[in-house]
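Subject: Structure handover and notes

Hello,

Here is the structure I said I would pass on. My notes follow below it.

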Amino acid sequence: AELSQSQVSLRKMRAEREQALGQLAKLSAMGSTISGLCHEIAQPLNIIKLIAQSLLRDARRDRLTKDDCEKDFPQLIGQVNRLAELTEHIRVYSRPVTGRPEELFTLSQVAEDTLKLLGQQLKDHNVDLVLELDAALPAVSGHPTQMEQVFINLMNNARQVMEAAGTPGKKITLRSRLQEGGAAVILEVADNGPGVAEALREKIFEPFFTTGDPTSCFGLGLPLSRKILAGYGGKLELVTVAPA
């Protein structure tokens, strides 16, 4: 009985550790997208400010009309809704998935949601993004924010490696498709960087291994992404393709 209790406690400790590491990796990935998120938030705020200033100026000059209100207020509401959607997305993404019910989603849908957090950052780093997403993919059941974490990890890794290598014309292709025969859905994150050296092909999936700056890269993204996909009965593979 004592051994059984020890085993239960050990399993609980491992589960808690993995959950903590997963949250750390998620927040780390989130941290690297902050500049892009600031831009996404600042843009609607600037639009709201300009419209509000225009309305106030017209009101002070007694020339604010009903037509002005009917034209400008829907724009204000639209920008506020855009901010609310973005902040809600950040809130849902950053909280743990423990205890949350599963839901149906498609890889293409999650890929598009991921770009709400990451799209501006890629633009700021001069990365061309190519989307080849199949909207007709069958849905899977689970936690879309977990899959979003996988996509963010893979795209951040691709961007960082290309930047470290000085890759000209940086490009990331996000492609979703149905496996031949329909047995699985596939999402590919491809870049035109230098690739991974043969000696590192398995090491990159080891926890805490990183080829980047160890003060900012924890080496958790790929191993946790592989674990998340394994929980869905899937797998994460590295494929090197010779340049055309």
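Is Glu188 buried, partly exposed or exposed? Glu188 counts as partly exposed, at 22% relative accessibility. Please keep in mind throughout that this is a predicted model.

Salt bridges

Another of them joins Glu163 and Arg159, with 3.0 Å from N to O. These residues are four apart in helix H5, so about one helical turn separates them. In accessibility, Glu163 is partly exposed at 32%, whereas Arg159 counts as buried at 5%.

A further salt bridge is formed by Arg63 and Asp58, whose closest N and O atoms are 2.9 Å apart. Arg63 is partly exposed, with a relative accessible area of 45%, while Asp58 is buried, with 13%.

Helix H5 covers residues 144–165, which makes 22 residues. From first C-alpha to last it reaches 32 Å, close to the 32 Å expected at 1.5 Å a residue. Gly166 follows H5 and has a positive phi, near 65 degrees.

Helix H4 (107–124) has 18 residues, which should span 26 Å at 1.5 Å a residue; the C-alpha atoms at its ends are 25 Å apart, in agreement with that. H4 also has a kink of about 55 degrees, centred on Leu117. Leu117 is one of the buried residues of H4, which also include Leu107, Val110, Ala111 and Thr114. Just after H4, Asn126 takes a positive phi of about 60 degrees.

Nonpolar cores

Which residues touch the most other members of the largest nonpolar core? They are Met147, Phe151, Met155 and Ile172, in a core of 24 residues. At least two residues of this core come from each of H4, H5, strand E4 (171–178) and H6. H5 supplies the largest share, seven residues. Leaving out residues up to four places away in sequence, Phe151 touches Leu107, Val110, Ala111, Thr114 and Leu187.

Apart from this core lies another, of five residues, including Ile51, Leu55, Leu76 and Leu83. Leu55 sits in helix H2 (residues 34–60) and counts as buried, at 10% relative accessibility. Neighbours within four places in sequence aside, Leu55 is in contact with Leu64, Asp72, Phe73 and Leu76. For one of these, Asp72, the C-alpha atom is 8.1 Å from that of Leu55, and the two residues are 17 apart along the chain. As a general remark, nonpolar side chains in soluble globular proteins tend to be buried together.

Aromatic pair

How many aromatic pairs are there? The count is one. The pair is formed by Phe105 and Tyr232 and is edge-to-face, at 6.4 Å centre to centre and 85 degrees between the planes. It links distant parts of the chain, since Phe105 is in strand E1 (residues 103–105) and Tyr232 in the segment after helix H6 (221–231), 127 residues apart. Phe105 is buried, with a relative accessible area of 1%, whereas Tyr232 counts as partly exposed, at 27%.

Regards

Methods:
Residues numbered from 1 in each chain as written. Predicted model: local features only at pLDDT ≥ 70, side-chain atom pairs only at ≥ 80, totals over all residues. Heavy atoms only, no water. Expected span 1.5 Å × (residues − 1). Phe/Tyr/Trp six-rings, centres within 6.5 Å; stacked < 30°, edge-to-face > 60°. Buried < 20%, exposed > 50% of the residue type's maximum accessible area, 1.4 Å probe, protein only. Core = buried A, V, L, I, M, F, W, Y, C linked by side-chain atoms within 4.5 Å. Contact = heavy atoms within 4.5 Å. Bend = angle between axes of the 7 residues up to and from the residue. Salt bridge = Lys/Arg side-chain N within 4 Å of Asp/Glu carboxyl O.
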